[in-house]
Amino acid sequence: MQIIEILFGLLVYPGLIFAFLIGSMLYWLYRKVRARFQARKGPPWYQFFADIIKLLSKETIIPSTIRKIPFFLAPLLAIIGCLVPIVLLPVGSQYATVSFPEDLIVVLFLLILPGLTLIIARMNLGSTYGTIGAASEARLMIAYELPFTLSALTVGIYARTLSLTSIVQAQLIRGAFVSRYPLAAIALMLCMLPKMGKRPFDIQEAENEAITGPLTEYSGVLLALFEMANAMKWFVIPGFAVVLFFGGSTNIVEFLGKCIGVTLILVFIDIIYPRFRVDQGFKFLLKIALPIAIIDFVRVLLGW
Amino acid sequence: MIFTTIILPIGPHHPMLKEPAFFKVEVKGERVVSADMKVGYSHRGIEGLATRKTYHQNIFLCERVCGICSHCHSTCYCQTVEDLAEIEVPDRARYVRTIVAELERLHSHFLWFGVAMHVIGYDTAFMYMWKERENILQAIETITGKRVNYAVNTIGGVRRDITPEIIPYLQAQLVKIHSAASKIAEFVTEDSVIKARAKDVGVLDKNTAKKMCVVGPTARASGMELDIRKDDPYAAYSELDWNIVTRPEGDVLARVLVRLGEIFQSINITEQALRNLPKGEIALGEVQEFPTREAFDRIEAHRGELAYYIRSNGTNIPERVKIRTPSFMNNPALPSMLAGESIADVLLIVASIDPCYSCTDRAVVVEDTEKNRSFTTTLEKLARRRC
């Protein structure tokens, strides 16, 4: 019985299908709000699904010069990196589908995967462009993973648990942790921007600077998988922030409302900023995001 | 950490290049060590074609050298032919030419601003710039009937008049453009990320700028006070009150600020020209006589000095039309700007001089009198043949 429950969680709710639907809606929200702020009309709500259907019906071209295994593995890992955290997150209730005492650490590791797969995809291009792009992206990753992890651990230490379910339950009693450790929450939000590839840190999508995007060689079904992972990222990363800092929730409507709130903050930052150069983004994250994450980390260690 | 240098080819086809050009960038880690550029992928043979068409047909042809500075090309061509035929253009025509030229400069600078913002990833600003640019295009359309390739010039004057009814509309549009430009000025001077991206990037100091003979906003951003509208006044510029905008820094930010200053100057010039529009004819009758001689004239296009040289042989077809576009002078300065910069800035620096590639393409035609044939070749092959 339990296996069926887990499979249902993984594939239907809150896993694959649900996460894909909600993620693509949040992605559409981003595109629509952005378009309206830029005096454009923006895409209709079904645009993303139309794109996916089109990609699935296209031929998948596999370049002869490419290393096959990482080429196929990258989109699958990207999907896994978004899907498994959703099962571990307490979405819309106090309890996650699967829960064990150290799942915060597991989620932190899995959330590295979407970024990592883009590096793999780039390295695999087999050209100078790919190498340079992957190098700058890896450099940025070092800068954002550290404050991201520190902020998450701040919450874990304060709640005296590494289980996401217990973190949500602790917040239901003591109030959302954002009021207790606002600096850690800000650091987490700042690091979410490069994790999602949004301005001012959208270096991974800046084809005019890194010469080529990570997905240049992908087409057809494999590109569709990447796009689906991208849409799920719009649900899982804001969802992670909601669980850690914004109190989680006991029902799905409240949870989605909070997700939309977090997404809108990211969207507004994305609209009003130009792009940093890689080294400037690196410096910004290490000079601003890391110190404020450390301040709250020290505060929680000292018990202030 | 020791890096070996690698060659990074940018182009001839690249998402950020609007026209084909090839940049051979040698990089060490993330720094550019040296750069080289090659153009010549879109030669159109306009100079050759111009020697097969009549003077009046060539107005149409020269207007199509460039899509963005079409009025500049036709103005410069018409002025050169007017020098050749020794005719004076009526006052009102000179003012109409000035007004259209300055509106075109405004639209070109707005377009460039949008592209520059897109290069640094500021798509919101990009969209707003191009939205505001519509006001300028509407004003131009009201005067000339077209949005690009205005076809307003003719030898000895202009083809369409600015009627008194449209002047209030044009003035209202100018107010709109002015408020949009003020908004641009606000965020360009205040936004910290734009400053971080553009300051001290792609520096071209005054000495190098002089050595490279750069022209237009690129030269003015390197501290050179160089503007054909003041140095060799044409149209109505000598009768209007305006200033040359210069900056001493020579970096990308200086080029942005020079163009920003020029936007305000252009609005000022257009307003004055509209106010002081003289009465009278807009064109002379059709010019038929083209005596055998040569003529040279130049104007200030949006990217810098544009020069035309025409030699006639007494017929109604020119013997030689030589076009020297501003990008022809600005492009060779790019490699020296790129050296020492980060790879991420390469395309920003390239965009900062507002380059145009296809108008700089030339072919060498060799006429072999012994074998009685002519063929095209490159300068390198010619040099090899000599030794």
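Trainee: In the hairpin of β9(B) and β10(B), which residue takes a positive phi?

Mentor: Asn372(B) does, with a phi near 55°, and the hairpin has four residues between its strands. This is a predicted model, in which local features need pLDDT of at least 70, side-chain atom pairs count only at pLDDT 80 or more, and totals for chains, interfaces and linings use all residues. Residues are numbered from 1 along each chain as its sequence is written, while chains are lettered from A and ligands numbered from 1 in the order in which they are written.

Trainee: Why is β9(B) called hardly covered?

Mentor: A residue is buried if 20 or more other C-beta atoms lie within 10 Å of its own, exposed if 12 or fewer, and partly exposed in between, with C-beta atoms placed from the backbone. Among the five residues of β9(B), the count of buried residues is zero.

Trainee: How do you know whether Val39(B) is buried or exposed?

Mentor: Val39(B) has 23 other C-beta atoms within 10 Å; the cut-off is 20 or more, so Val39(B) is buried. Val39(B) lies in the loop between β3 and α1 (46-50) of chain B. Its contacts, beyond residues up to four places away in sequence, are Ala21(B), Asn331(B), Tyr357(B), Thr360(B) and Asp361(B); contact requires C-beta atoms, placed from the backbone, within 7 Å. Val39(B) and Phe22(B) are 17 residues apart in sequence and 6.4 Å apart in space, C-alpha to C-alpha.

Trainee: What is the order of the three strands in the open sheet of chain B?

Mentor: The order is β1-β2-β3, with antiparallel pairing. β1 and β3 (31-38) of chain B each have a single partner strand, so they stand at the edges, and one side of each is left without a neighbour in the sheet. Seven bridges link β2 (22-28) of chain B with β3(B), and Val27(B) has Val32(B) as its bridge partner.

Trainee: Why is α11(A) called roughly perpendicular to α12(A)?

Mentor: Axes are lines fitted to C-alpha atoms, for helices over the stretch in contact, and angles run from 0 to 180 degrees between N-to-C directions. Angles under 35 degrees count as roughly parallel, over 145 as roughly antiparallel, 65 to 115 as roughly perpendicular and the rest as oblique. α11(A) and α12 (252-272) of chain A pack at about 100°, with their axes 9 Å apart, so the pair is roughly perpendicular.

Trainee: Which residues of α11(A) make the contact with α12(A)?

Mentor: Among them are Trp234(A), Phe235(A) and Ala241(A). Ala241(A) also touches Leu188(A), Met189(A) and Met192(A), among others.

Trainee: Which residues touch the most other members of the largest nonpolar core?

Mentor: They are Leu188(A), Met232(A), Ala241(A) and Leu244(A), in a core of 213 residues. Helix α11 (220-245) of chain A supplies the largest share of this core, 19 residues. Such a core is a set of buried Ala, Val, Leu, Ile, Met, Phe, Trp, Tyr and Cys residues joined through C-beta atoms within 7 Å.

Terms used. Helices (H or I, at least four residues) and strands (E, at least two) are DSSP runs, numbered from the N terminus. Two residues are in contact if their C-beta atoms, placed from the backbone, lie within 7 Å. Two strands pair if DSSP finds at least two bridges between them.
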